[in-house]
Structure formats: C-alpha cells, structure tokens
Amino acid sequence: MKAIISFIAVIILAAIAYVGVEMLNARYLFGVVIPYLAVATFIIFMIIRILKWGSSPVPFRIPTTCGQQKSLPWIKHSKLENPSGVLGVMGRMALEVLFFRSLFRNLKTQVQDGSQLTYGEAKWLWAAGMAFHWSFLLILVRHLRFFTEQVPMAVKMAEGLDSFLQIGTPLLYVTDVVMLGAVLYLFLRRIGIPQMRYISLINDYFPLFLIFGIGTTGVLMRYFYKTDIISVKMLAMGLVSFNPSVPQGIGPMFYIHLFLICTLFAYFPFSKLVHMGGVFMSPTRVLANTSRVKRHINPWNYPVHVHTYEEYENDFRAKMKDAGLPVEKE
Amino acid sequence: MAKLPKPEELAKVDYTLPKTGWMETPVVFKEGMFCHGSKPKSLELVGFPNPRDWRPADADWKLPENWKQILLEGIADRLEKYRSFRLFMDICVRCGACADKCHFFIGTGDPKNMPVLRAELIRSVYRKEFTLAGKIFGKMAGARELTLDVLKEWWYYFYQCTECRRCSVFCPYGIDQAEITIIGRELLNLLGLNIEWIAGPVSNCYMKGNHLGLEPHTIIGNLEYMLDDIETVTGKRIKPTFNRKGAEILFVTPSGDLFADPGTYTCMGYLMLFEELGLDYTWSTYASEGGNFGFFTSNEMGKRLNSKIYAEAKRLGVKWILGGECGHMWRVLSQYMDTWNGPADFLEVPKSPITGTVFENAKSMKMVHVAEFTADLIKNNKLKLDPKRNDHLKVTWHDSCNVSRGMGMLEEPRYVLKNVVNNFYEMPEDTIREKTFCCGSGTGLNASEDMDLRMKGGFPRANAVKFVAEHHGVNMLANVCAIDRATLKPLMDYWVPGVNVCGLHELVANALVMTGEKERTTDLRGEPLPSVQAKEEKA
C-alpha cells in the first residue's frame, strides 16, 4: 500500500511535468523557475539541517569501538576500528563513506535445526548499496558535461570508463544499468522480506520510485526518445550562468526527467536522504577513543547534588567505629 | 511470577509479524517480560520527580496531568543537548541491517525489538512534533501522535533494550540504539516511570555507597568470609585495609563482587593477587561501587553516583585508581567519568609499582582496569603461575558488551586468560569481540520477575556457549563483568546446564603461586585440584 502510494505520487509528478509543458506550455516554469527553486531549497535547507545538527553539542565521547583499544605498547592496536587520533578517524570515516565498512559486516542470523543459531554472510545489501551510490555519483559526474563549456578531463574519463563495454549506439553506460538494477533490488528487498516491509514507510519507497523514475526517463532519452542535446546544454548553461533561456525543441521526456530531479532536490533536506551529510557527524564514528587520555569537555556540564563523604560518615559513624574503620570526626 | 517455559519451547522463536502495521498494533504487557515499577521511596531518596505507587500492568499509571507536555519539553531539551539524539532522529534509512543483530529480537521475534523499530517508536513522535514534513503529512510521513499507548510502548520496549550497542556496530551511520534508549529512559524517568530493580540500587548507592546497600561493617564482614576461605585454600591470612589515607592506590569494584558467588571468587582473586604483589592499596566503603545504575536512569544520576570515586580518591590522597572487573562500569568510567567529574588533576598518571609501566592510555582519567594491570604483570614476568591448577576447566571467553564496544578491551583479558589456563576455546567469531552478544540482563534488567525476557535475550549468547560446550567440552564461561557473573549462571543453567561462570581473576588466583602458601588441594571454590584428583585415582 505504502509502495503503491509512492508509485502513484511519482506518476503524478511525471504527469504534472508533461501537462505543464505539453498542454500549458509552461516551459519557462519547468525549465527555469522550478529548477532554481529546487536547488535553492536544497542548498538552504541542507545548510539549515547541518547547522541544526551542529548546534547540538557532543557532550560525551561515545565512539562505538569495533576493535582493540590502544593500551599497552605490546598489544596490537586496531587503528581503524578503534581510532586513537585524527588520522585513525579519517581512515575509519573514509572506509565508512567510500566503502560502507559497517554495512560490509552485515550478517544473516538464522535458526537452524530448530535451535541452533547461525550467522551467514550477507553482502547483498552492501553490494547493492555500493552499486547504487557509486553509479549515482558517476552519473552525476557525467552530467557535468552539460554544465561546462569545455568538458573537463575528469568528466570525459568518467564517460569513457562508463561506456567501456562498447555496446550499441549511443554507447551503453554501465552505470545506467547498474543503478537501475540496484534500485530495483533495494525495492524488491524492501517488499520481499517481511520484516523489511514491516518497518518501511512511504518515506522509504518514495525516494526509490523517484530515483527509478529519474533513471528511467534518462535512459529513455538517451537510447530511445532522442532529445536535442545541444538545446539541453544551452538550457543548462543558461541556468548555471544565471542567464536563463528556454531553447525550442526539447521534448517532454526531458522536462519530466528534470522535474523529477527537482523534486528530489527539494525533497532531499526534509527526508532520510540527509544521511548523506549526517554520516559525517555521527558521534559513534567520527570521535577518536581518547576519553581516558584527554578530558572531553561537555559544554553543558553542571553541578549536581551528591551525597558527600561527610554526610555518609554522619550516617554511619558509630557503625564505622565499631568495625574499626578510620573516621574524620570522632 | 509466571512459570518459565521449557528451553525447547522458548527456543522456538516465532518471527511471524502481526497482521496490523506496527503503529496500529498496541503494546501488550506480557508476564515475565517486564520488571516491577519503581517504589516511591526509592525515587524520593534521590529526588526523582513524580514518585508514586504504580504497576506497569495497570491501565492507570497515575500520570501527572501535564505528562505529555513534560515529555515533549524533555525531548526538545535533549535534542538541544545531544547531537547523537538529533542526528539519529533524522538519518536512519531503515535499511534493516540492525534488525537481526539484536539479541532481544533474535530471542523474542517481536518486531518492535528490531533496533530500527525500537528507535521508530520515538522517532515517529519526533516527526510529528519537531519536523515540518511530519506536521504537514502526519502518518504519511511516518509521524504519529504521542498517546498513552505510545508512552506504554516506550516503557515496555526501552526496558527491553540493554544498551549493548551491537546494532551500532552494523549500522552504516553508526546509529546507536543505546543512545536512544538512554534518552528514552531519561524521558520516562521524568514521569517517575522507573523500574524498582534500577531505582532501588540507585538510592542504595546514593546513600550507602553501593547498589546492594551494604553498610560499612557489612562490607568488611563479607570480605572477612572471603579471607577465611582464602586461608583455607592457601593457608595465608590476608589483611586488606579500608578507607586508609595515604595508600598509593584506591581499588573500586562492583559491589556484586562482595555479595554472592561467583562474584565473590573473583573478589578473592583480587585480594590474593594484591597480597602477593604487596600492593599498597585500600578499599573504600564510601566509594564501594564501581558499577553505575544511575546511568540507566539519567545522565545526571549517573554523574551523581560516579562522583564518589574521584571524591574518595582525593580525600584519601591516593595516587591513582584501580578498577575491578565490570562491564557497564567501564563504559561509564572510560567514556563519561572524566567528562562528568574530572579533571582528576589531584591524581598522578597511573604507574604500576611492580613493573614501572606507565598507563599512558589512562593519562587523564587516571583509572586502570584490573585486566590491563594484570596483563602487564604477566608480560613482565612478575607472577609465578601454574595454569595446570585450572586443568579441570575448559574455558571460553565472553566479551562483555561495554568493554568491547565502549572501550575496546579485547586482547588484555585474553592474554591473561591464556597464561592462567591451558584449555581455552573461542566461541564462533560472529558472537565475540565487537560482535559479542549481551547476557540479556544488562542495564538493570537482571531482576527475577522478567526471567522470560532474560532467557530470551540471552538465547544468542547461550547458543554460542552451547556450541563450544558441544564441540570442545567447555565447562566454564569466563568474563570481566559483575552483571555477567550474576546473570550468566541462571542463563547457563537454563540453556547449557553444566557450564559454570567465573571472573577472570578467579582463574588468575587459582593459578597464582603465592609465596609461603601451603600446598593447595582445592581451587577457590573448594573443588579438588586436578593433580589431587589424579593422585586419588591412582591410590
């Protein structure tokens, strides 16, 4: 049900773009105004979100230690899993952000023969996550060709790498296939595994359908419904140079593609997708395990009521003396 | 109390999901799955809000009229104070990697015990009250109203989490359910919705210095019993000191070690080791608790109880502090103590008087775990050990959650263990070290009325022990945690009968050859040593 609502929502979004462009001829709205608004929303609200996170302090040093602490010199310290300094944290975070280290640990807990628990390899989620995020990034980099007069070397290399299979005309991009495949897997996993379906919200299905829609419209444009790329580039260049104009001859498929992307941008700061920024601030990952070596300061640490030794001795003086314990006051 | 079902029945975990969505499935309080509510006296003693007589299973919780406002203000306050909380409310993608990592989910099959869903219990209310999307789209955006049912759900499930942090090892963003449970319990505490098994020890510890409420003379009395037993085993009479000013080291251990076996055997181990070293140390009856049940109610209460350790070290004028075997005690000490009650600039950087080793890793907080201390002794050949005395034992090692995932002390105890026993077998690798399983009874859930919960939560741990028991004949489960020592025994009796539980220093003391001791014929438990057994068999 939640998946269907999300699916319908994306279809409606696509229809809005189609109707807007084809019937109402609102090309300037969909080609210029909405993209600007969407990007502005993304930037402003992401900054607000990050500032908000940043405004809450980290009162305690609470890394989740996943390896041996640095203690006695002859005990091998696990520098990346239990970092003792900035370098270690950078290494840990690089592994986390670039290679999804923690997700790579994933296990599948199963009950066998009625009562024996086993822990099997479970790398599919990790693999799909990696495939999705990396291909998304490459696709994003590839798209930079629309926003730069001279296509940068890096972008050309990304394109070359991406089309290395040398299939079809235009050449097939591997990332297109991989990203759509990964999104499809993530969706099937979500509806296929009962527990996953149980915990899933519309907030989980909607971005999947949205991204699938973006990918599909992109693929349709590249391989099937050809779009006038020169005009698209003119539009894009106009947008980034703040001198927008809407060239003629761009088909509705492009506007649907663009509108879904705008939706993604605008939706991003209000959704779970903020994990992109949040992972860099997660106290259990970005802190070194140094709380015994260097005092961590809690900015809101305040004095508290304690039961002092004096009060304790007052309560028990007679018993303490009887037991032969030294006391401060006779 | 309901009768505990047979292990064969409890092992048949039902993972089928309710037909209704989780928001539409109200909480059902199942007998054996929760603890008694806090008594007013326990709350009053420490000045906690809203003390009253109440029972969790009752429909009427006698809540203050403005309970909702108290909670919402409490959430707002904590969002401002804890980045972890604010972030963890926003960034979960519900990938489900944490779901089957939780011992309570594995053992109960209750979907609300998946860490992700346990967090959603509070996240849904956060969305409703604190996010734009939640305010506008409501349930469509995963938001829901804070109602009495929701409150009861929070109570039930935040007291079905032991803050073990296993889920946070697997979370791609490091979301730590322990943080969410800690804050959830703080919020409940604002309404006086504590459990007596925590509130009682907290007030005991506040007034008397330890969770068990042992008064000064009782502490000494309990230790005397142990000293008698040590004399029986070794022929040596040990005379420890208490509250002694000018000692070099203050020793603090969880009070569980003073009270009941097998913790007392561990305590005998400390006494014998320190005696053999001629350590200049003292016990304290005021700071007679290393553990911290305050940490299971609120950050503030944790700090209030913890303050005694530094205060006593200062009063007695010691140079540094040595800490006994405990789990959550060491998460609190290593990640909180210095921040709460430091700087301990009146102490010196811990230095072993025996080996001269300076514990640079405790440079600021000035406290060393006894496993670190002993590992250093053994490495420097300062102990005469006869591991054969432990040959009747086949030992496996249980990493306690908090020293593993909140500190990273994994190798030190293993090094000690390998030097004091000859038969050591690791449990399967996905159940040890940073992936270790909780005993199922941590964070103050080790009461007797929630035995179903404890046995279910401890199922994964017990299952791994069963594996090594069947494959290697393991008969001893060693650990460095007082709660483990108290709770793993009933867990073993239930799931893996025949396996005993002990602390690390019990094994150390068994193997420790003391100067001037008589020829030992039994271990600390009075069981005949293997050599004696062999002789008897020959004869």
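Two residues are taken to be in contact if their C-beta atoms, placed from the backbone, lie within 7 Å. With that cut-off, residues 24 or more positions apart account for 63% of those contacts in chain A that have a separation of 6 or more.

The structure is a predicted model, in which local features need pLDDT of at least 70 and side-chain atom pairs count only at pLDDT 80 or more, while totals for chains, interfaces and linings use all residues. Residues are numbered from 1 along each chain as its sequence is written, and chains are lettered from A and ligands numbered from 1 in the order in which they are written.

**Chain A**

Chain A has 14 helices and 2 strands, where helices (H or I, at least four residues) and strands (E, at least two) are DSSP runs numbered from the N terminus. Its radius of gyration, taken over C-alpha atoms, is 28 Å, whereas a compact globule of 330 residues would have a value near 20 Å; the globule rule is 2.2 Å times the number of residues to the power 0.38. Along the principal axes, the C-alpha atoms of chain A fill a box of roughly 100 × 55 × 45 Å. Of the 330 residues in chain A, 36% are buried, a residue being buried if 20 or more other C-beta atoms lie within 10 Å of its own, exposed if 12 or fewer, and partly exposed in between, with C-beta atoms placed from the backbone.

Strand E1 (residues 107-112) and strand E2 (residues 116-121) of chain A run antiparallel and are joined by 6 bridges; two strands pair if DSSP finds at least two bridges between them. Within this pair, Thr109(A) has Tyr119(A) of E2(A) as its bridge partner. E1(A) and E2(A) form a hairpin with 3 residues between them, and Asp113(A) in the turn has a positive phi of about 50°.

**Where the chains meet**

Between the chains, 80 residues of chain A are in contact with 91 residues of chain B. On the chain B side, helix H14 (residues 299-316) gives the most, with 7 residues. The residues of that side divide into 44 nonpolar, 20 polar and 27 charged, where Ala, Val, Leu, Ile, Met, Phe, Trp, Tyr, Cys and Pro count as nonpolar, Asp, Glu, Lys and Arg as charged, and the others, Gly among them, as polar.

**The sheet of chain B**

In chain B, 4 strands form an open sheet with parallel pairing, in the order E2-E1-E3-E4. Strand E2 (281-283) and strand E4 (367-369) of chain B each have a single partner strand and stand at the edges, so one side of each is left without a neighbour in the sheet. From one strand to the next the twist averages 30°. Strand E1 (residues 249-252) of chain B is joined to E2(B) by 3 bridges, and Phe251(B) stands opposite Trp283(B) in E2(B). H14(B) packs on the sheet, where it touches E1, E2 and strand E3 (320-323) of chain B, and its direction makes about 150° with that of E1(B). Helix H16 (residues 370-379) of chain B lies across E3 and E4 of chain B and runs at about 70° to E4(B). For these angles, axes are lines fitted to C-alpha atoms, for helices over the stretch in contact, and angles run from 0 to 180 degrees between N-to-C directions.

**The domains of chain B**

The domain assignment of chain B gives domain 1 (24-194) and domain 2 (202-532), with bounds that come from an automatic or database domain assignment. The C-alpha centres of the two domains of chain B lie 31 Å apart, and 25 residues of domain 1 are in contact with 31 residues of domain 2. On the domain 1 side of chain B, H5(B) gives the most, with 5 residues, and by class that side has 10 nonpolar, 10 polar and 5 charged residues.

**Two residues compared**

Not counting residues up to four places away in sequence, Asn82(A) touches Thr65(A), Cys66(A), Gly67(A), Gln68(A), Gln69(A), Asn289(A) and Gly408(B). The C-alpha atoms of Asn82(A) and Cys66(A) are separated by 5.8 Å, although the residues are 16 apart along the chain. With sequence positions up to four places away again left out, Val125(B) touches Arg144(B), Leu146(B) and Val150(B).
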